[in-house]
Amino acid sequence: MREPKRTTPRHLRSAAGILVSAFCAGGVAVILLLILGYVVREGIGAISFDFVTQLPHPVGVPGGGVSNGIVGSGIIVGIAALMAIPIGALTGIYLTYFGRGTFAAIVRFLSDVLSGIPSIAIGLFAYTVLVAPLQHFSGFSASFAFAILMLPVIITTTESAIKGVSRELYEAALALGVSRHQAIMRVILPSARSGIITGIVLAIARVTGETAPLLFTAFGSQFWELNPNNPMAELSLQVFTYAISPYKSWHEQAWGGALILILIVFAMNLGARIILKPKFR
Amino acid sequence: MAKLEEQNTVQSLGFPRASGIRPTALALDAAAESRPVPVRAKLPRVPRGWAFELCVYGATGAFGALVVGLFIELLWSSRLSIAAFGMSFLWTSEWNPVTNQFGALPFIYGTIVSSTIAILIAGVVGILSGAFLAEFCPQSLSAPLSFVIELLAAVPSVVYGLWGLFILAPVMRDYVEPLLERYLGFLPLFSGTIYGVGMLTAGVILAIMIVPTVTAISRDVMAAIPQTQREAIWALGATRWQSFQMVVLPGARAGVFGACILALGRALGETIATTMVIGNRPAISASLFAPGYSISSVIANEFTEATTQVYLSALIELGLLLFIISVIVNAVARLLLWTIFRPLEN
């Protein structure tokens, strides 16, 4: 039998098409490496022990760090997580074992819509309900904005994690005579735990990199601030402020801050994948 | 048989609860109202049934109220500006805090132009990348490559902005834009003074930011096309590319389109990276090299400096505008994606 000819125009076109698509996918991956490479190259020089332990110095004074921003990020994101996790997880439970019909569809739609609303609009909302009436910027208002940003991520991942647990398990629990809430709390949630934790970690990672709502909620601070009722420093906000400043020394600090930020966010994303792996694949 | 079962359940329901015999056949309905069984083992305490249900319904209600409240609050806070300028807010271009005259046209223009550039680039690159991951590349390469592309979505936008401002903008100014001007300079789009920061740079940064969204969703949508359809056309002698063109792409069209719209929504609302590279000049210019301004960046830049109530209200109205646009865009995208993924779930 004769070998089929592989160099007809359509075969060549096929090879070219595949090559172009490979080039696109490879190009996107290379851009990530480029960004990472530059952040590491420019940022590594700025990072030192002082950089993570010192307060920011005024322009012209060498040294200084972003310690207040790192701590501020931790506090703001921590409070946000405390607000968003219960509401998000319970709404996720509602969507799987309680919600039926129109209201569940509306809730699911609202969650999808909320995930697409620009963070700056949510920052404005936090401003109008928590900053304007109280007449001062605060870390807490930033946490509120972040909590809203986290909710759709937590709701969606909780919903899909619970859906991943077979319904027979739930029915078996009911058949043993436990009530609905016990079946959910003791059988379903423990089985879905890794998926839910993954969602929470991804939500935290998402808001850790977020800057826009902070501009008019946390506002930023040059000082050591642990009280969330006051304006607070936040790492990504510091990177932004330093980057758009006209000072060369601040630009270096911005790269250093960006490197720390990207390390934290990537660590959380990798962590989420590691948590997810054993159970769900 | 069915009758026997019915009898059994009726009887078992008739038993007093204290007897300890539980009606298993009707467990699904009965459990909801039954008391918790005494558990002797040491287990974490669980709130009582009604308290748990209250929490679930309360949290869901709170969530719904929050989203609706978000819209109402933004609408209420922009009432001053809405009353003062009405619909002309959308198509006048005077933005003057001194005379309290506010028109959003330059910002709307900037947002639309930068996002359009972004989706044109990211759409083509993302769909092709998704096709490569789902159709052409070996399994062993697909997973790590997907992972790298998805990590790109995790990069904080301030890092994109920083990279765009210090690395990409100079490259655009020194290499890309002069090249475009040389070969396409006869178009007004690619002529004029080159600054580095501007619409085109903002569009490119936005494209990089949204390309993972397009790639990941188009990959999933394409992977959802049944393998038998590909095999059918291969059996007719089609090449891999032809099977992609004739079977996979038409089948995945709605979903791929949805992915692009979802990504577009992300580009429209992106703030920090845009603010850092778009140039922040409220002017409508035909040239893509010229600096512009977007809705989100004007809010970011001017909100804390707004001195009068009308000014503040006008900025919040811009936020409301973003809110409404993103709700519409996302609703359309979700509908399109539903048409693909719904049949798979059932």
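Predicted model: local features only at pLDDT ≥ 70, side-chain atom pairs only at ≥ 80, totals over all residues.

How long is H5(B), and what span would be expected for it? The helix has 32 residues, and from its first C-alpha to its last it reaches 44 Å. That is close to the 46 Å expected at 1.5 Å a residue. Is H5(B) mostly covered or mostly open? It is mostly covered, with 26 of its 32 residues buried. Confidence is also worth checking here: within chain B it is highest in helix H5 (residues 105-136), at a mean of 96.

Now step back to the chain around this helix. Chain B has 13 helices and 2 strands. Of its 346 residues, 46% are buried. Among the contacts in chain B with a separation of 6 or more, 74% are between residues 24 or more positions apart. The mean pLDDT of chain B is 86, and 86% of its residues reach 70 or more. At the other end of the scale from H5(B) is helix H1 (residues 2-14) of chain B, where confidence is lowest, at a mean of 39. Over residues 1-34 of chain B, pLDDT stays under 50, and the model has 25 contacts beyond four places in sequence for that stretch. Please read that part with care.

One loop residue of chain B also deserves a look. B:Asn280 lies between helix H11 (272-277) and helix H12 (295-302) of chain B. Its phi is near 55°, a positive value in a residue other than glycine. Why does B:Asn280 count as buried? It does so because it has 20 C-beta neighbours inside 10 Å, and 20 or more is what the buried class requires.

H6(A) has 26 residues and reaches 37 Å from its first C-alpha to its last, close to the 38 Å expected at 1.5 Å a residue. Where is H6(A) kinked? The kink, of about 30°, lies at A:Met150, shortly before the proline A:Pro152. Since 23 of the 26 residues of H6(A) are buried, this helix is largely enclosed by the rest of the structure.

In the loop leading from helix H5 (119-131) to helix H6 (139-164) of chain A you will find A:Gln135. Phi of A:Gln135 is near 65°, again a positive value in a residue other than glycine. A:Gln135 counts as exposed because it has 6 C-beta neighbours inside 10 Å, and the exposed class takes 12 or fewer.

Finally, how do the two chains meet? In the model, 72 residues of chain A are in contact with 77 residues of chain B. Helix H1 (residues 9-44) of chain A gives the largest share of chain A's side, 18 residues. That side has 50 nonpolar, 16 polar and 6 charged residues. For the complex, the predictor gives an ipTM of 0.92 and a pTM of 0.88.

Terms used
Residues numbered from 1 in each chain as written. Chains lettered and ligands numbered in written order. Helix = DSSP H or I, 4+ residues; strand = E, 2+ residues; numbered from the N terminus. Contact = placed C-beta atoms within 7 Å. Nonpolar A, V, L, I, M, F, W, Y, C, P; charged D, E, K, R; others polar. pLDDT = per-residue confidence, 0-100. Expected span 1.5 Å × (residues − 1). Bend = angle between axes of the 7 residues up to and from the residue.
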